[in-house]
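Reader: I have a model open and want a quick walk through it. Can we start with the sheet?

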Amino acid sequence: MCGIVGYIGTKKASPILIDGLLKLEYRGYDSAGISTMENGYISNMKDKGRVKNLYELEGIHDLSGTIGIAHTRWATHGKPAKENSHPHMDNSNTFSVVHNGIIENYQELKAFLYDNGYHFLSQTDTEIIPNLIHYYYSRSTEIDEKLLHAIHLACKDLKGSYAIEVLCKDEPNTMIVARKDSPLVIGVGEDENYISSDIPAILSYTKNFYLLNDGDLAKLSKNQVSFYDLNLNSISKELKSIDWDVSACEKDGYEDFMLKEIYEQPKSVRETIGSRLKKNEKVNFEDIGFTKETLSKFNKIYLVACGTAMHAGLAVKPMIEKLCHIPVIVDIASEFRYREPLIDENTLCIYISQSGETADTIAALKLSKKEGATTIAISNVIGSSITREADYTIYTHAGPEIAVASTKAYTSQITLLTLLTLYFAEVLESVDAKVINEIKEELLLLPEKISEVLQDSTKVKDFAHRVYTEKDIFFLGRGTDYTVSMEASLKLKEISYIHSEAYAAGELKHGPIALIENGITVIGILTDPNLVEKSVSNLQEVITRGAKTLIVTNQELNKENYDEVITIPNTNPLISPILSIIPLQLFSYYISKEKGLDVDKPRNLAKSVTVE
Ligand code: AGP
């Protein structure tokens, strides 16, 4: 969703700001803009469309300011248009503001400002912020820190979520930033500071970051950062080093980030396993350190997330129930948070989020904490919001995921949840050690097996070429294969814009089979030996009705029955989603390429959904 970049230092700000925005393009946006502090005034340049269009705006190359703020907007209030793009300025052109998030009480604040003589040029919720700051600033009796006080008062009036950067014409060597329920980090350099909503945008300039908490404000000069809490008390923060590699945020010779990330999976799964699992040793989750007594008190486990992360939860539900004997409920965060779910101190709630910034997932986490549940966050982003809210955090360590369509984060989430399940089962002694050891052995073999799947993509590519003009594609499976169907179907929708449905194969006869007609494409996933015969029968039913079929399997099948069969290595059915999803990620990718679409930045989507 919207992205923020800021710079305060000694270099010309505009190229740094635009470079940062280009790195944030993957988040999804429809317009872009920058404000820089020029000699005695604030320049504000913006338009709808791509970030690179900014280079064509008149006068942009003449900017010489060394302080500036920048933004990519993903429209919520008001259509994509120049006047709705950020930065927004107040009526007197004293303040310039960029904002991520949603101000829920903006109508009320707008009415208040109207009554006080302000007018508005946009339909956005954001435009009230610079004007509200002006309102407090122009009436302030403060002698010291007048700007900081005015911004603090304005923030106190805002309901909803925000990450903001503010420039003020009267204080040309200062920038103020603040956040609530929307991410913001400060990168520290020598005689310069960088601001961003996402670490990758400024990772090529610094690896040292301050992470802001909800309610924090920071005042920046080129060589100083001062922090304040919501009551404007001065606070101190620890500088954190992020060990992500800059090249991990670049395409590295691949045509698209998504393809790169698909091919990174042998490495990312290996990194997720890390030192948590070694041959002939118990799974290591010292950082969580649950005792048998603690784990025994949990009478149910919730796995709560959105989109692909929720599908990772679905994939591991059968394993947790089988190995730990604890009922598992997988829930969509946006449903969970409004449903008064039955949770108490005997509930364990696990929140899964690649970005760690998904608004619904954060809200669901807060709700369960209030009800007394124990919470674990699973995230890929160090210091992200859910990691700061949860009782315990475990990281997937998959490396930055830039493509909007999630691939390596999914396989790493399942890998980490598998490790966690094995750890629980070992502590609980809930299942024979032989069962656990077999899964452990298979898990350690996964990076090799993923490489095997990735070795030859010719069949998937050919099949994509044959069906890319289709209007509907169906995915079928049973058990964990059904959960992979759902993820594969989501991937296809996201980047190919083809309508697609995933069905539990046994459910077909209860309605959906009415949709099967001559020539339709059906993709079957068959990796569980206990269910394969049943699924084969269901596939036969669609073939009889004229369906074209692609099968992903590790079983011996009569290949002649199908249009294409992709054979993947065998593994324990409980962890097979980590392998069976890979050809289907590639399938979506190649369909999208055949259609000439923007694989990494599909229409209407954002990488991190920071509004509900
Ligand atoms: C995945 O391909 C999607 N773009 C989307 O469903 C995503 O998984 C979802 O928005 C959750 O994001 P998160 O993992 O960052 O919380």
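Reader: How many strands form the open sheet, and in what order?
Author: Eight, in the order S3-S2-S4-S1-S10-S9-S11-S15, with antiparallel pairing. Strands are DSSP runs of E, at least two residues, and helices are runs of H or I, at least four, numbered from the N terminus. Two strands pair if DSSP finds at least two bridges between them.

Reader: Which are the edge strands?
Author: S3 (41–48) and S15 (240–241), each pairing on one side only.

Reader: What packs on the sheet?
Author: Helix H1 (residues 13–23) does, touching S1, S2 (31–38), S4 (67–73) and S10. Its direction makes about 160° with that of S2. Contact means heavy atoms within 4.5 Å.

Reader: Before I go on, what kind of model is this?
Author: A predicted one: local features need pLDDT of at least 70, side-chain atom pairs count only at pLDDT 80 or more, and totals for chains, interfaces and linings use all residues. Residues are numbered from 1 along each chain as its sequence is written, and side-chain values use heavy atoms, leaving out hydrogens and water.

Reader: New topic. At what angle do H13 and H17 pack?
Author: About 30°, with the axes of H13 (433–455) and H17 (577–594) 10 Å apart. Axes are lines fitted to C-alpha atoms, for helices over the stretch in contact, and angles run from 0 to 180 degrees between N-to-C directions.

Reader: Which residues make the contact?
Author: Leu446, Lys449, Ile450, Val453 and Leu454 of H13 meet Ile578, Leu579, Ile582, Pro583 and Leu586 of H17.

Reader: And how far apart are the centres of domain 1 and domain 3?
Author: 46 Å, taken over C-alpha atoms. The bounds, 3–243 for domain 1 and 458–594 for domain 3, come from an automatic or database domain assignment.
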